[in-house]
Amino acid sequence: MTATTPHVGHPIGVRDLPDGMTPCATCGRPCPEGTPTTERLVLGRDVGLRIVDEAHVLTFAVCPSCADRHALAAEIATQHPGFLALGSPSITADRLAAALDALAAVGATPATDAYLHSYPAARSLLERLSDLGVTAGWARQFSPIWQPRASMKTCAAPSQGGGWLFVPSDLAAEIRRALAAHVGDLRPPTPQPVPATSRYRGCVVCGVGTVTARRVSEAWTEVRSGVYAGGHLCPADARIVTEEGGTIGATVLERSACDVVDPDRLARRRRPYDPQLQGLQAWADSGMAPGPGRWSFVDLEALLALLSHGTW
Ligand SMILES: [Zn+2]
Ligand SMILES: [Zn+2]
């Protein structure tokens, strides 16, 4: 057998490690002597039917492109004060690094500018991809548990698409699904009309016909039961209905309408109890066309005047 012949029995994407080289802990590519290194702890070895205790440390390389990716992760972690709430900056940087690894594993290009300048973009990256990235790295087959077919005499086979061929296809598919959701998060919000399948042309409570969101599922919540079943709720009313126990009744309608004219409840604080509004009906029962805003089918000025006078 020559050095270029793949060893029979290597999994896809894995080949013999050339002499004098060390595989990168993350992408598995063989690295020459002098490349920076990192250590991984082995706690046990999977021998098929059981795991044998085995505590030692393995040394891997950190190739230049993985080092760059992890430096970018550290930079993203320090850009956004919002990450401080998640705990230690170094843990956040590690999780972001794993998320960027997940992108690299499927050959995807990171949205670097978005991650550096937008906290929601960076947060979406971390939440959707970091756990998958931890699982995807080369060293995962050795640490913490050395897997049955894993050998330190192997490295990753080169891939034309830039992804890592050794990543199991089901994990790669999971990363691509998470990536699609993440790309959806990066899109700017756009107007989302009520779904064409809805029983009504607007939010059954407030009658708004279009809301701004990134995807239909963020914009509209289907009503599953009751007289309005098959209709949809805008995000604000979906939240109110949930908070009020799930039934679209007088309390929901009053709260929804009052929130539109009195969003900070300043007017309503004039009384220790909430107003009871006579004759308020759900938009779905009003017979009116869908509106450009919430409750645009009622006289909102009169409602605000009523709330401001506190005469309820
Ligand atoms: Zn690497
Ligand atoms: Zn609504």
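A donor here is an N, O or S atom within 2.8 Å of the metal (3.2 Å for Na, K and Ca), and since water is not among the atoms, sites may look incomplete. Two of these cysteines link distant parts of the chain: Cys-27 sits in the loop between β2 (22-23) and β3 (30-31), and Cys-63 in the loop between β5 (51-61) and α1 (64-79), 36 residues apart. Helices (H or I, at least four residues) and strands (E, at least two) are DSSP runs, numbered from the N terminus. Both Cys-27 and Cys-63 are buried; that word means under 20% relative accessible area, while exposed means over 50% and partly exposed in between (1.4 Å probe, protein chains only).

A word on what you're looking at: this is a predicted model, where local features need pLDDT of at least 70, side-chain atom pairs count only at pLDDT 80 or more, and totals for chains, interfaces and linings use all residues. Residues are numbered from 1 along each chain as its sequence is written, chains are lettered from A and ligands numbered from 1 in the order in which they are written, and side-chain values use heavy atoms, with hydrogens and water left out.

Now for the zinc ion (ligand 2). Its protein donors are Cys-203 (SG), Cys-206 (SG), Cys-234 (SG) and Asp-237 (OD), 1.9 to 2.3 Å away, and their spacing reads C-x2-C-x27-C-x2-D. This site is tetrahedral as well, with angles of 99 to 117 degrees among its 4 donor atoms. Cys-206 belongs to the loop between β8 (190-193) and β9 (210-213) and Asp-237 to helix α7 (residues 235-243), so this pair ties together parts that are 31 residues apart in sequence. Cys-206 is buried at 0% relative accessible area, and Asp-237 is buried at 0% too.

Strand β8 also holds Thr-190, which is partly exposed at 37%. Beyond residues up to four places away in sequence, Thr-190 touches Val-211, Thr-212 and Ala-213, where touching means heavy atoms within 4.5 Å. Another threonine, Thr-92, lies in helix α2 (residues 89-105) and is buried at 3%. Its contacts, leaving aside neighbours within four places, are Ala-77, Phe-83, Leu-86, Gly-87 and Leu-126.

Most residues other than glycine have a negative phi, and most peptide bonds are trans. The bond from Ser-143 to Pro-144, though, is cis, with omega near 5 degrees; Pro-144 is in the loop between α4 (119-136) and β6 (145-146). Arg-265 has a positive phi, near 65 degrees, and Trp-295 has one near 60 degrees. Arg-265 is in the loop between α8 (250-261) and α9 (300-309), and Trp-295 is in the loop between α8 and α9. Arg-265 is partly exposed at 31%, whereas Trp-295 is buried at 0%.

Definitions and conventions. Four donors count as tetrahedral if all angles lie between 85 and 135 degrees; four count as square planar and six as octahedral if opposite donors are over 155 degrees apart and all others between 65 and 115; anything else is irregular.
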